[in-house]
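Me: I would like to go through this structure with you. Could you take my questions one at a time?

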Amino acid sequence: MKLNLNIQPLNTWLNTNNEPLLISGPCSAETEEQLLTTAHLLAKTGKVSVLRAGIWKPRTRPGEFEGIGSIGLEWLKRAKAETGLPTAVEVANAKHVEEALAAGVDILWIGARSTVNPFTVQEIADALKGHDIPVLIKNPVNPDLQLWIGAIERINGAGITKIGAIHRGFSSFEKSSFRNEPMWEMAIQLKTLCPDLPIINDPSHICGNRELIPYISQKALDLDMQGLMIESHVDPSVAWTDAKQQVTPAALAELVDRLTVREPEAPNAAFADKLADLRKQIDKIDDVLLQKLGERMSIVEKIGEYKRDNQVTILQVNRWDAIIQKGHAFAKALKLDLNFTEKFLELVHGESIRKQTEIMNAGKAAKGIAAEQHTEVKA
């Protein structure tokens, strides 16, 4: 079901010259000189649409640098006056909203640590009532699509129609190359539910290091995201926060030049016909896959009944190990990604366990009802 939101298209409230939106600037505004120098260098590239800077920084532990505070808003005002770049800051409470609005900030964004808390989002929404300012909403720290949607709905409910979402990845206990797991499927689900919602990507926070930023940026554009938020610092080596994930303005310009921007649709009729034909082939294969999965689950039910009748446990670890090993070998031969294959098998196996558990419990429930009826008869 589509979300019922009142949202203005991105190009009606921000001029990007038909290019992907690029928001850039330091993770934290540290000094006036640092911010102004970075802003001028970014403006000189001709590629940046909006200047960002962290004014208030939510830190995991006390004692860490928590942002320069309200004085940084004056620096941003000067940077805007000197470069012509509109400005954007993160707000985490009503006071931040009031100060940012009073300082003439052009765009606000709600951070991942705030999105996770509906009370915080509602406080921000209440402070925004009666104002006409773009608001970007980052996904929550944890992979919860409903929290993300809820935050967007709260801001929209306050009368804000210039809304965008920022996909910045999700925290995970599993160690990987990324600071935050991309989990692209979450952004895709959000876009499916609200096709009119602009979604931009934050490669800096997904990657946690500058080396991976080009890869994630290209992936985001290939998934039809409408822009990027990339942190830039005049000298990342001395940055007070998140030094490893910031790039110099010159490196940013080079990165952007190497990105390929593709169109969601092609005007070529021959291309459209060929694509439609290939998609029909995919649809037929998907139908067969679902049919075969249905047949597999029918056999699973028979196995569950057989195990129940013979007092055998649902899970046999050796059998599961054999399935995984065979799957890996088969995937390798078919040139399928091993991680994808394993996740697919885990999903199928999990559904098989669920069905067999249902059958086992149904049997116990039936015996319990029969025992109760027998007791009632004796009574």
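This is a predicted model: local features need pLDDT of at least 70, side-chain atom pairs count only at pLDDT 80 or more; totals for chains, interfaces and linings use all residues.

Me: How is the protein divided into domains?
Reply: Domain 1 spans 10-258 and domain 2 spans 269-361, with bounds from an automatic or database domain assignment. Their centres, taken over C-alpha atoms, are separated by 40 Å.

Me: What does UniProt list for residues 269-360?
Reply: An unreviewed UniProt entry lists them as "domain: Chorismate mutase"; positions are given in the numbering used here, feature names are shortened, and such annotations may be inferred rather than shown by experiment. Over that range the chain is 88% helix and 0% strand, and its end C-alpha atoms are 56 Å apart. Helices (H or I, at least four residues) and strands (E, at least two) are DSSP runs, numbered from the N terminus.

Me: Switching to β5, which strands does it pair with?
Reply: Strand β4 (residues 107-110) is joined to β5 by three bridges, and the two run parallel. Strand β6 (residues 163-167) is also parallel to β5, with four bridges. Pairing requires at least two DSSP bridges between two strands.

Me: And what stands opposite Val135?
Reply: Leu108 stands opposite Val135, and in β6 the bridge partner of Val135 is Ile163. From β5 the chain passes through helix α7 (residues 145-157) to β6 in a right-handed β-α-β crossover, meaning that the path runs clockwise from the first strand over the helix to the second when the strands point away from the viewer.

Me: Are the faces of β5 covered or open?
Reply: Both faces are covered: Val135 and Ile137 on one side, and Leu136 and Lys138 on the other, are all buried (under 20% relative accessible area; exposed is over 50%, partly exposed in between; 1.4 Å probe, protein chains only).

Me: What does the side chain of Lys138 contact?
Reply: The side chain of Lys138 makes a polar contact with that of Asp202 at 2.9 Å. A polar contact is a pair of N or O atoms within 3.5 Å; within protein, one must be able to donate a hydrogen and the other to accept it, and residues adjacent in sequence count only if both atoms are side-chain atoms.

Me: Where does Asp202 lie?
Reply: Asp202 lies in the loop between β7 (199-201) and α9 (203-207), and is buried at 0% relative accessible area.

Me: Last topic: what is the phi of Lys335?
Reply: Phi of Lys335 is near 60°, a positive value in a residue other than glycine. Lys335 counts as exposed, because its relative accessibility is 78%.

Notes
Residues are numbered from 1 along each chain as its sequence is written. Side-chain values use heavy atoms; hydrogens and water are left out.
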